[in-house]
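Subject: Structure handover

Hi,

Here is the structure I promised to pass on. Please open it first, then read my notes below.

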Amino acid sequence: TGSDFSESGTHGILVYRSVFIALTVSAALPTKFDNNGSYAILAQQGSRIVLRERNSISPVVSNGVNGILLEHGSRGDISGVAYSSMTGIAVRATGASILNAQLCTYSDIGNVCLYATNGSVINAPESVFTGVAAIALADGAEINLNNSTASGAITGIAINSLNGGKVVAINAVFNNAGSHGINCEGASVYARNIKLNSANGHAVRAVGGFVDVTEATATGATLNGISASAGSRIIASAANFAGASGTSGISAVTGSHVTATDCNAQKGGAPNAADVAVSGGGIVAFAGGTGGVNTTANQITDLGIIFR
């Protein structure tokens, strides 16, 4: 308790086939990892780590390159940790590791905050992000972000799910992404009631992926509200994608299927044919929606079909 693992040229702590427990119990003596050269904590070969707040005093990981890395089936509970002023990745899990990281805070993180690969799982609900490069990258792995929030700009993609990855971000607030709000390639994202306003890219982009953004609010994207291609499936009923500046409010191409009933996809002040567009056999269910369409509704054409 109250230990300082700072100023290491490499890792603050290397845990190898063993257990490391650090609890912060005093505001005067927080568990601290400051300005380490590589990782604050590196856990390998089935190790177990516990780094938790106690008495509302958070452990601190700051001013270094990377935060915490779990490898080779390691397990961790790092709830309530405060990460700040790091040039690299805050939290990473790989090799079927499992990490519980709820109620953590992240500020001024130069790379992605949460990065899961190779069948790992990071559970990070109710996280708070301030001034970070990216929120989550799940590459063949799973990240849970329910009820998490971001303030200030996100300089890159907020949520990135790739290669069979899965991100769950129900009721999250990730406005002002510097690129896409959600990017999903051959993977899945479950993000009902998410807020993705003012994305500097597509609010939601799927390439051969599945995305559920039912009741989402994602207005003012600089590209499309929804971009679905390569047979993607997107559910966006009762969502708001108004004010997109790209070619379409909703675009479904190359066999993709978007369910957007009761959805607002209108780009400008009046309905326009570019608001909802299909091509290459795209399908959009748009009954009760707001906006124009680029093909005759309820008729199959060489572009696809839009139901309304």
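Start with R17. R17 sits in the loop between β1 (13-16) and β2 (19-24). Strands here are DSSP runs of E with at least two residues, helices are runs of H or I with at least four, and both are numbered from the N terminus. R17 is not a glycine, yet its phi is positive, at about 55°. Its relative accessibility is 59%, so R17 counts as exposed. The classes are: buried under 20% relative accessible area, exposed over 50%, partly exposed in between (1.4 Å probe, protein chains only).

Two notes on the source. This is a predicted model, where local features need pLDDT of at least 70, side-chain atom pairs count only at pLDDT 80 or more, and totals for chains, interfaces and linings use all residues. Residues are numbered from 1 along each chain as its sequence is written, and side-chain values use heavy atoms, with hydrogens and water left out.

N298 also has a positive phi without being a glycine, at about 65°. Look for N298 in the loop between β30 (282-285) and β31 (304-307). N298 counts as partly exposed because its relative accessibility is 43%.

Now the whole chain. It has 31 strands and zero helices. The C-alpha trace spans about 70 × 35 × 30 Å along its principal axes. Of the 308 residues, 53% are buried. The chain exposes about 11,100 Å², and carbon and sulfur atoms supply 50% of that. Areas come from the Shrake-Rupley method with a 1.4 Å probe; for residues, only the protein chains shown count as cover. Take the contacts (heavy atoms within 4.5 Å) between residues at least 6 apart in sequence: 42% of them join residues at least 24 apart.

Next, charges. How many salt bridges does a search of the whole structure find? Two. The term means a side-chain nitrogen of Lys or Arg within 4 Å of a carboxyl oxygen of Asp or Glu.

- E185 pairs with R205, with the closest N and O atoms 3.0 Å apart. E185 is in strand β21 (residues 182-185) and R205 in strand β23 (residues 204-207), so the bridge ties together parts 20 residues apart in sequence. E185 is partly exposed at 33% relative accessibility. R205 is partly exposed too, at 23%.
- D212 pairs with R192 at 2.8 Å, N to O. D212 is in strand β24 (residues 210-212) and R192 in the loop between β22 (188-190) and β23, so this pair also ties together parts 20 residues apart in sequence. D212 is buried, at 7% relative accessible area. R192 is partly exposed, at 43%.

Last, E71. This residue lies in the loop between β7 (66-70) and β8 (75-77). E71 is buried but has no salt bridge; R92, the nearest side chain of opposite charge, is 6.3 Å away. For charge, Lys and Arg count as positive and Asp and Glu as negative; His and the chain ends are not counted. What does the side chain of E71 make a polar contact with? The side chain of Q44, at 2.9 Å. A polar contact is a pair of N or O atoms within 3.5 Å; within protein, one must be able to donate a hydrogen and the other to accept it, and residues adjacent in sequence count only if both atoms are side-chain atoms. Beyond its neighbours within four places in sequence, E71 touches L42, A43, Q44, Q45, G46, T94 and S97.

Best wishes
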